Amino acid sequence: MSKPKILIVDDDKSLLSLTRTLLEKLGSFETCTEHRSFAALATARTFCPDLVLLDVDMPGKDGGDVAAELGADAVLSRVPIIFLTSLVSKDEAGVRNGVRYLSKPVNPQLLLQAVREALAVAA
């Protein structure tokens with residue numbers, strides 16, 4: 001059985017590395033990272049993720065712009081997105097308009113739980 005594929009998009013390369021390691025080692029997911037928001041759509045089309053973890057505040061295109069591009073793509077529009085952001089507090093994190101927001105720095109267990117829940121709903 002193949003591992004679920006997760007695309008992580010964040011301009012913070014150290015956070016990308018940490019999140020990738022967490023998901024691959026503790027969650028047994030296949031991951032791909034992208035630190036350039038303007039390249040996220042192309043990377044997603046190549047990688048074909050089952051889930052996207054997306055930073056909100058990035059230079060160039062922000063997470064909302066990237067989410068809109070993914071949503072406009074015929075294939076990628078079905079892929080769930082979880083926003084990871086320092087723009088919301090832990091108390092403000094949650095589901096808004098059907099989209100899950102997790103505050104940075106995210107608790108590893110909370111991240112794994114959110115990822116598993118999103119993948120289960122999408123299945």
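Guide: Start with a definition: buried means under 20% relative accessible area, exposed means over 50%, and partly exposed lies in between. Keep in mind that this is a predicted model.

Visitor: Is lysine 104 buried or partly exposed?
Guide: The cut-off for buried is under 20%. Lysine 104 has 23% relative accessibility, so lysine 104 counts as partly exposed.

Visitor: How many salt bridges does the structure hold?
Guide: A salt bridge needs a side-chain nitrogen of Lys or Arg within 4 Å of a carboxyl oxygen of Asp or Glu. A search of the whole structure was made, and the number found is seven.

Visitor: With which residue does aspartate 10 form a salt bridge?
Guide: The closest N and O atoms of the pair are 2.6 Å apart. Aspartate 10 itself is buried, at 3% relative accessibility. Its salt-bridge partner is lysine 104.

Visitor: How many residues apart in sequence are the parts that aspartate 10 and lysine 104 tie together?
Guide: The two residues form a salt bridge. Aspartate 10 sits in the loop between β1 (5-9) and α1 (13-25). Lysine 104 sits in the loop between β6 (99-103) and α4 (108-122). The pair therefore ties together parts whose separation in sequence, in residues, is 94.

Visitor: Which residue is linked with Asp10 and Lys104 in a network of salt bridges?
Guide: Asp10 and Lys104 pair with each other. The network also takes in Asp55.

Visitor: What kind of peptide bond joins lysine 104 and proline 105?
Guide: Proline 105 lies in the loop between β6 and α4. The omega angle of the bond is about -10 degrees. The bond joining lysine 104 and proline 105 is cis.

Visitor: Where does the salt-bridge partner of arginine 45 lie?
Guide: Arginine 45 forms a salt bridge with aspartate 73, with the closest N and O atoms 2.8 Å apart. Arginine 45 is in helix α2 (residues 40-47), and the pair ties together parts 28 residues apart in sequence. Aspartate 73 lies in the loop between α3 (63-72) and β4 (81-85).

Visitor: Which residue of this pair counts as buried?
Guide: Arginine 45 has a relative accessible area of 48%, so arginine 45 is partly exposed. At 11% relative accessibility, the buried residue is aspartate 73.

Visitor: What is the N to O distance between glutamate 69 and lysine 61?
Guide: Glutamate 69 is partly exposed at 22% relative accessibility. Lysine 61 is partly exposed at 25%. Their side chains meet in a salt bridge, and the N to O distance is 2.4 Å.

Visitor: How many disulfides are there?
Guide: A disulfide needs two cysteine sulfur atoms within 2.5 Å. The sulfur of cysteine 32 is 10 Å from the closest cysteine sulfur, in cysteine 48, which is too far for a bond. The count of disulfides is zero.

Visitor: Which cysteine has a positive phi?
Guide: The residue is not a glycine, yet its phi is about 55 degrees. It is found in the loop between α2 and β3.

Visitor: What charge does the surface patch with Asp57 carry?
Guide: Aspartate 57 is placed in the loop between β3 (51-55) and α3. Asp11, Asp12, Asp62 and Asp65 form the patch together with Asp57. The charge of this surface patch is negative.

Terms used. Residues are numbered from 1 along each chain as its sequence is written. This is a predicted model: local features need pLDDT of at least 70, side-chain atom pairs count only at pLDDT 80 or more; totals for chains, interfaces and linings use all residues. Side-chain values use heavy atoms; hydrogens and water are left out. Helices (H or I, at least four residues) and strands (E, at least two) are DSSP runs, numbered from the N terminus. Buried means under 20% relative accessible area, exposed over 50%, partly exposed in between (1.4 Å probe, protein chains only). Patches are made of residues with over 30% relative accessible area and no salt bridge: like charges are joined within 9 Å, nonpolar side chains (Val, Leu, Ile, Met, Phe, Trp, Tyr) within 5 Å. Accessible areas come from the Shrake-Rupley method with a 1.4 Å probe; for residues, only the protein chains shown count as cover. Lys and Arg count as positive and Asp and Glu as negative; His and the chain ends are not counted. The place of a charge is taken as NZ of Lys, CZ of Arg, CG of Asp or CD of Glu.
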